[in-house]
Amino acid sequence: QQQRRLVSRQRFVQDFSQCLFEFVVQLLPTTEEMAVKEDVRKLLERLIRTIEPDSRLLSFGSSANGFSLKNSDMDLCCLIDSGERLNAADLVTMVGDLLERETKFHVKPLPHARIPIVKLSLDPSSALPFGIACDIGFENRLALENTRLLMCYASVDPARVRTMVLFLKVWSKRRKINSPYKGTLSSYGYVLLVIYFLVHVKNPPVLPNLQQMPPLRPISEEESHLNGYNIWFFDDIELLRQRWKSSNTDTVAELLIDFFKFYSRDFAYNTGVASIRAGLLKKEEKGWQTEQSDFGTSRERNRLCIEDPFETNFNVARCVTKDGLYTIRGEFMRASRILQMRPDRAILALAQLCE
Ligand code: CTP
Ligand code: MG
């Protein structure tokens, strides 16, 4: 009896891994979509250079870190290399006016946001059946660096890391728990939860801690720091691929099942901070105790704590409310339950997960 159960479990895990790979491959952007996006980036860069000749427009976020899905938004960052620089709010206003005049994009400048950005969108057309949405920010060099960090993690073990992350992004969108504006978690937050799990929870670990590996040569303070934050990490991907051999042989299905189990019941939500840089930290030591608010949940911070890899005084999950966390954990539990019940067919489990 027990033997039979074990065999059927093994078969489920194998099938489920295969289903995950096939599912995720369909979700990747086409080369055509990527080419259109690159053209848009170049066009915008050319226009912005008419007011800031020394500027560069760079991609960050999913279009640059290897975790992009079909029709995902473009995140762009404008860097200005010359000495004289306007502040971000003024740039947002100026670039907003320019793009309003010169392009067909719908333009919405947000000069007073925490990170000032220009929001752009294009309506769907036959060439672009889903339109395009794009945010342009200014001088956000830390975001470029954290994008590079995520990209390096993705390339250490692409089969397992990218499959898990892409699946979780789709799953969290379908289950409607991927909206920081509505009290749940950003894609960036979910990616950090996956990396934390693969570096610090799984034993043996699936991924090395790139921020704690010894550098190949001495690094000066100036090289390693940006705006006072330590942004150094081991980024020689070729060397990493040669040297890092994880002794963890779990399949992607096993990892995903464990991921849901861990975040359903084992993570110390009340006291813990997930840090990919330093492992499990205490809310107390970071001064991130949950703020009780008399005004309901709207002002609440620090229910869920995920330390930004570089901006260590920033809680990436600060927008997650009490209700939001309750919903997210509920979804982790639901996913765990579906995968425990092991229906005969893995494909059905996958469909049910993303319903
Ligand atoms: N970012 C950040 N701090 C945050 C949120 C986001 O620095 N609190 C930066 C990160 O560089 C991240 C990028 O913004 O890679 C985009 O974040 P997000 O849109 O959440 O992730 P994507 O991978 O772009 O996901 P999606 O495809 O859902 O847009
Ligand atoms: Mg994005």
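**Entry 1: the ligand shell**

I began with ligand 1 and counted 15 residues around it, the closest being Ser62, Asn146, Lys169, Lys173 and Ser187. For this count, a residue is near a molecule if one of its heavy atoms lies within 4 Å of it. A note on the source: this is a predicted model, where local features need pLDDT of at least 70 and side-chain atom pairs count only at pLDDT 80 or more, while totals for chains, interfaces and linings use all residues. Residues are numbered from 1 along each chain as its sequence is written, chains are lettered from A and ligands numbered from 1 in the order in which they are written, and side-chain values use heavy atoms, with hydrogens and water left out.

Next I sorted the shell by class and found four nonpolar, eight polar and three charged residues. Here Ala, Val, Leu, Ile, Met, Phe, Trp, Tyr, Cys and Pro count as nonpolar, Asp, Glu, Lys and Arg as charged, and the others, Gly among them, as polar.

Which elements supply at least two residues each of the shell? I noted α3 (62–65), α5 (141–156), α6 (158–174) and α7 (187–201). With three residues, α5 gives the most. Helices here are DSSP runs (H or I, at least four residues) and strands likewise (E, at least two), numbered from the N terminus. I also saw that domain 1 (31–140) and domain 2 (144–353) each give at least three residues to this shell; the domain bounds come from an automatic or database assignment.

**Entry 2: polar contacts to the ligand**

Lys169 places a polar side-chain atom 2.9 Å from a ligand oxygen. For Asp75, also through its side chain, I read 3.1 Å. Tyr188 takes part through a polar backbone atom, at 3.1 Å. The protein covers 81% of the 590 Å² of accessible area that ligand 1 has on its own (Shrake-Rupley method, 1.4 Å probe; for residues, only the protein chains shown count as cover).

**Entry 3: the core**

I then turned to the largest nonpolar core, which has 80 residues. Such a core is a set of buried Ala, Val, Leu, Ile, Met, Phe, Trp, Tyr and Cys residues joined through side-chain atoms within 4.5 Å. Among those with the most contacts inside it are Phe16, Phe167 and Trp171. Elements giving two or more residues include α1 (2–27), α10 (252–266) and α12 (322–340). The largest share, ten residues, comes from α7.

**Entry 4: single residues**

Is Thr163 buried or exposed? I found Thr163 buried, at 6% relative accessible area (buried is under 20%, exposed over 50%, partly exposed in between; 1.4 Å probe, protein chains only). Thr163 sits in α6, and a polar atom of its side chain lies 2.4 Å from the backbone oxygen of Ala159.

Lys176, in the loop between α6 and α7, has a positive phi of about 60° though it is not a glycine. Lys176 is exposed, at 67%.

Asn227 also has a positive phi, near 50°. I placed Asn227 in the loop between β6 (225–226) and β7 (229–230), exposed at 59%.

Finally, I noted a cis peptide bond between Asn203 and Pro204, with omega about -5°. Pro204 lies in the loop between α7 and α8 (221–224).

Terms used
A polar contact is a pair of N or O atoms within 3.5 Å; within protein, one must be able to donate a hydrogen and the other to accept it, and residues adjacent in sequence count only if both atoms are side-chain atoms.
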